[in-house]
Amino acid sequence: MIKLEDKIQELKNLMNESGIEASDELSVLEEKIRSQSKSEKVWRQVELARHPDRPYSLDYINRIFDNFIELHGDRAYGDDPAIVGGLAFLNSRPVTIIANQKGRTLKENVLRNHGMANPEGYRKALRLAKDAEKFRRPVITLIDTSGAYPGLGAEERGIGEAIARNLMEFSQLLTPVICIIIGEGGSGGALGLGVGDKIYMLENAIYSVISPEGCASILLRDASKAKDAAAMLRITSKDLLAFKVINGIIPEPAGGAHIDPDATAKSIKDILVKDLDDICSRNPSVLVRYRNQKIRTIGHWNEAVGE
């Protein structure tokens with residue numbers, strides 16, 4: 001890409017010397033190069049968010065929290081291993097953890113459905129959240145899923161209703177909620193655990209309404225244009241911070257979180273400790289009011305009107 005830019009500069013110098021006018025054509029070429037460069041940069045972040053060695057939720061839970069006890073089942077249908085949850089301590093503070101969990105091996109990925117939850121997963125999450133509310137424990141969610149599972153069984157058991165209920169209930173939960181997107185944050189599958197007082201993303205995580213491949217297939221009519229779709233979707237942590245969808249970005253080691261999981265876990269823990277010291281001292285009803293104000297302002301734009 002740098003060589004192309006050098007060649008364009010050479011062409012500009014040649015035009016100035018010879019008096020040839022082709023600035024419009026060069027402008028079009030420069031715009032294409034900038035667009036391709038951005039697409040490649042965003043796609044690199046997509047690849048890091050999906051990296052097979054990237055730490056998953058249980059990797060962070062074991063590094064950040066003490067005495068984690070996993071709880072199972074939604075008390076209605078069954079247990080969903082795609083979502084793990086339970087009780088733990090964070091610097092002696094009792095907390096409830098709810099997280100998407102992907103698998104490392106083929107066998108584990110089959111068990112956990114690659115982190116794509118069924119309705120019972122979201123209902124388990126809600127059961128744990130309501131238990132946390134009852135005992136005044138803060139809720140911490142770790143989000144890493146390409147989306148909710150779209151299978152026939154999930155539809156029959158009400159996946160849409162389960163996610164919608166979580167959106168409603170989490171928005172009114174009378175206890176602090178902190179959400180951290182650690183890898184992929186895909187569509188409603190991520191939103192089902194993504195309503196909180198503070199929302200953070202790891203530096204190389206992504207958060208979008210649809211996967212780049214899905215967007216390319218539907219809108220661009222060409223699945224091979226996933227890189228261009230990724231840039232169009234504005235799915236990076238910097239984009240989401242600029243849109244005020246998230247509250248902050250948690251830095252990762254150079255090369256991605258998998259290069260040094262311990263350092264990444266420490267960065268997450270520092271944020272959690274700092275924020276919980278703050279928001280746990282606030283009145284729960286005040287938290288709910290500000291939480292809802294934040295939700296309602298997402299997507300609002302003010303356009304300047306010219307004279």
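When I say two residues touch, or are in contact, I mean they have heavy atoms within 4.5 Å. Keep that in mind, and also that what we're looking at is a predicted model.

Okay, let's start with C215. You'll find C215 in helix α9, which covers residues 212-218. So who does C215 touch, once we skip residues up to four places away in sequence? The list is I210, L220, A229 and L233. Is C215 buried or exposed? C215 has a relative accessible area of 4%, and buried means under 20%, so C215 counts as buried. One more thing on this residue: go 10 residues along the chain to K225, and the two C-alpha atoms are separated by 9.0 Å.

There's another cysteine to look at, C179. Its relative accessible area is 0%, so C179 is buried as well.

Now over to a lysine, K124. This one sits in helix α5, residues 119-134. K124 has a relative accessible area of 1%, so K124 is buried under that 20% cut-off. What does the side chain of K124 make a polar contact with? The side chain of D79, at 2.8 Å. If we leave out neighbours within four places in sequence, the contacts of K124 include D79 and D80, and also L71, H72, G73 and D74. I83 and V84 are on that list too.

Let's move on to rings. The whole structure was searched for aromatic pairs, and the count is zero. What we do get is charges over rings. The charged end of R104 sits over the ring of Y56, 3.9 Å from the ring centre. Likewise, R157 has its charged end over the ring of Y77, and there the distance to the centre is 4.5 Å.

Last stop, helix α7, residues 159-171.

Which residues of α7 are buried? They are I159, A162, I163, N166, E169, F170 and S171. While you look at that list, here's a handy general point: an α-helix has 3.6 residues a turn, so residues three or four places apart point the same way.

Note on methods
Residues numbered from 1 in each chain as written. Predicted model: local features only at pLDDT ≥ 70, side-chain atom pairs only at ≥ 80, totals over all residues. Heavy atoms only, no water. Buried < 20%, exposed > 50% of the residue type's maximum accessible area, 1.4 Å probe, protein only. Helix = DSSP H or I, 4+ residues; strand = E, 2+ residues; numbered from the N terminus. Polar contact = N/O pair within 3.5 Å; in protein donor to acceptor, adjacent residues only side chain to side chain. Phe/Tyr/Trp six-rings, centres within 6.5 Å; stacked < 30°, edge-to-face > 60°. Lys NZ or Arg CZ within 6 Å of the ring centre and 35° of its normal.
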